[in-house]
Amino acid sequence: MKGIVETTDGGETWKIQRSDTTVDQPLFSVHFSDASNGIAVGLWSLAVRTTDGGVSWMPVKFPALSAKEKAGPNIYQVFPAKGSVLYAAAEQGLVYRSGDGGATWTLIKTGNRGSFWAGLTLPDGSVLVAGLNGKMWRSSDDGKAWSELNSGVTASITDLVLGSDGSVTGVGLEGAVVTSKDGTAFTASPRPDRAALTAVLLDGPGGPLLFSKDGVVGADR
């Protein structure tokens with residue numbers, strides 16, 4: 001089912017915005033640029049977009065790798081850049097870029113072969129993506145050229161978050177935790193419990209809040 005649910009009270013209650021039980025294509029990521037404009041992406045290049053705060057959703061077509069493809073690559077996360085620019089991290093080392101808030105997209109081949117599961121835009125406009133086997137790639141020219149970084153881990157990276165000071169924290173499988181002051185040089189400090197980490201949030205001065213398949217695990221190691 002490709003479903004989208006909404007909350008207007010901080011998560012106390014939820015209501016369904018969109019539900020489609022006719023296809024087995026889950027959505028993996030949703031991003032809203034403002035209260036009206038949002039896009040959700042998922043399995044086999046599934047993408048839907050809204051311009052009215054989720055009252056209605058319309059399909060968005062992503063470029064295919066070839067004309068013979070019946071289903072496009074999986075798209076794992078959509079994230080913003082400056083202005084109306086959006087990026088999307090996808091499988092097969094692919095990144096997509098939109099210059100019009102998600103209405104149209106272009107395909108970018110980074111040179112990596114594995115899936116990218118997460119991405120973010122750094123304060124200087126550079127784009128960082130990471131994913132399978134700890135691979136991390138960066139572009140400083142709007143996605144035209146890419147270079148591989150050393151993340152310090154071989155476990156897959158599942159999420160990246162940007163700090164208010166420009167620092168980057170990434171988490172992943174096998175307890176992977178990586179940090180960088182500038183999004184270029186990373187230091188790895190894996191958790192001894194090897195928890196499969198799925199997401200990270202920066203929760204004020206107390207350090208990152210870590211999530212796993214079993215729920216919140218906190219920052220303590």
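Analyst: Please note that this is a predicted model. I will begin with the second largest pocket, which holds about 200 Å³ of space.

User: Which residues are closest to the centre of that second largest pocket?
Analyst: Of the 13 residues that line the second largest pocket, Ile4, Val5, Gln17, Val30 and Phe32 are the closest to its centre.

User: And which elements give two or more residues to its lining?
Analyst: Strand S1 (4-6) and strand S3 each give two or more residues to the lining of the second largest pocket. The largest share, five residues, comes from S3.

User: How do the residues of that lining divide into nonpolar, polar and charged?
Analyst: The lining of the second largest pocket has seven nonpolar residues, five polar residues and one charged residue.

User: What volume does the largest pocket have?
Analyst: The largest pocket has a volume of about 240 Å³. Its lining consists of 14 residues, and those nearest its centre are Phe28, Ser29, Val30, Gln77 and Val78. Two or more lining residues come from each of strand S3 (27-32), strand S7 (75-80), strand S11 (116-121) and strand S15 (157-162). By residue type, the lining of the largest pocket comprises nine nonpolar, four polar and one charged.

User: Gln77 came up there. Where does it lie, and is it buried or exposed?
Analyst: Gln77 lies in strand S7. Its relative accessible area is 17%, so Gln77 is buried, the cut-off being under 20%.

User: What does Gln77 touch?
Analyst: Leaving aside residues up to four places away in sequence, Gln77 touches Ser29, Val41, Tyr87, Ala88, Ala89, Trp117, Ala118, Gly119 and Asp159. As for Pro208, 131 residues apart from Gln77 along the chain, the C-alpha atoms of the two are separated by 20 Å.

User: Changing topic: what is in the largest nonpolar core?
Analyst: The largest nonpolar core has 15 residues, of which Leu120, Leu128, Met136, Ile157, Leu160, Val168 and Phe186 touch the most other members. At least two residues of this core are supplied by each of S11, strand S12 (127-131) and S15.

User: Which residues does Phe186 touch?
Analyst: Not counting residues up to four places away in sequence, the partners of Phe186 are Leu128, Met136, Leu149, Asn150, Ser151, Val168, Val178, Thr179 and Ser180.

User: How does the radius of gyration of the chain sit against that of a compact globule?
Analyst: The two agree, because a compact globule with 221 residues would have a radius of gyration near 17 Å and the chain has 17 Å. Buried residues make up 46% of the 221 residues. Of the contacts in the chain with a separation of 6 or more, 35% are between residues 24 or more positions apart.

User: Now the loops. Is Ser45 buried or exposed?
Analyst: Ser45 counts as buried, at 12% relative accessibility. Ser45 lies in the loop between strand S4 (38-42) and strand S5 (47-50). Not counting residues up to four places away in sequence, Ser45 touches Phe62, Gly72, Pro73, Asn74, Ile75 and Tyr96.

User: And Ser19, where does it lie?
Analyst: Ser19 lies in the loop between strand S2 (15-18) and S3. At 42% relative accessibility, Ser19 counts as partly exposed. The C-alpha atoms of Ser19 and Ser151 are separated by 38 Å, the two being 132 residues apart along the chain.

User: One last topic, the backbone. What is the phi of Asp142?
Analyst: Asp142 has a positive phi of about 65 degrees although it is not a glycine. Asp142 lies in the loop between strand S13 (136-139) and strand S14 (147-149), and its relative accessible area of 43% makes Asp142 partly exposed.

User: And what about Glu174?
Analyst: Glu174 has a positive phi of about 55 degrees, although it is not a glycine. Glu174 lies in the loop between strand S16 (168-172) and strand S17 (177-180).

Methods
Residues numbered from 1 in each chain as written. Predicted model: local features only at pLDDT ≥ 70, side-chain atom pairs only at ≥ 80, totals over all residues. Heavy atoms only, no water. 1 Å grid on protein atoms, 1.4 Å probe; cavity = no way out; pocket = protein on both sides within 12 Å on 5 of 7 lines; lining within 4 Å. Points joined across faces, edges and corners; volume = space filled by probe spheres on them. Helix = DSSP H or I, 4+ residues; strand = E, 2+ residues; numbered from the N terminus. Nonpolar A, V, L, I, M, F, W, Y, C, P; charged D, E, K, R; others polar. Core = buried A, V, L, I, M, F, W, Y, C linked by side-chain atoms within 4.5 Å. Buried < 20%, exposed > 50% of the residue type's maximum accessible area, 1.4 Å probe, protein only. Contact = heavy atoms within 4.5 Å. Rg over C-alpha atoms; globule rule 2.2 N^0.38 Å.
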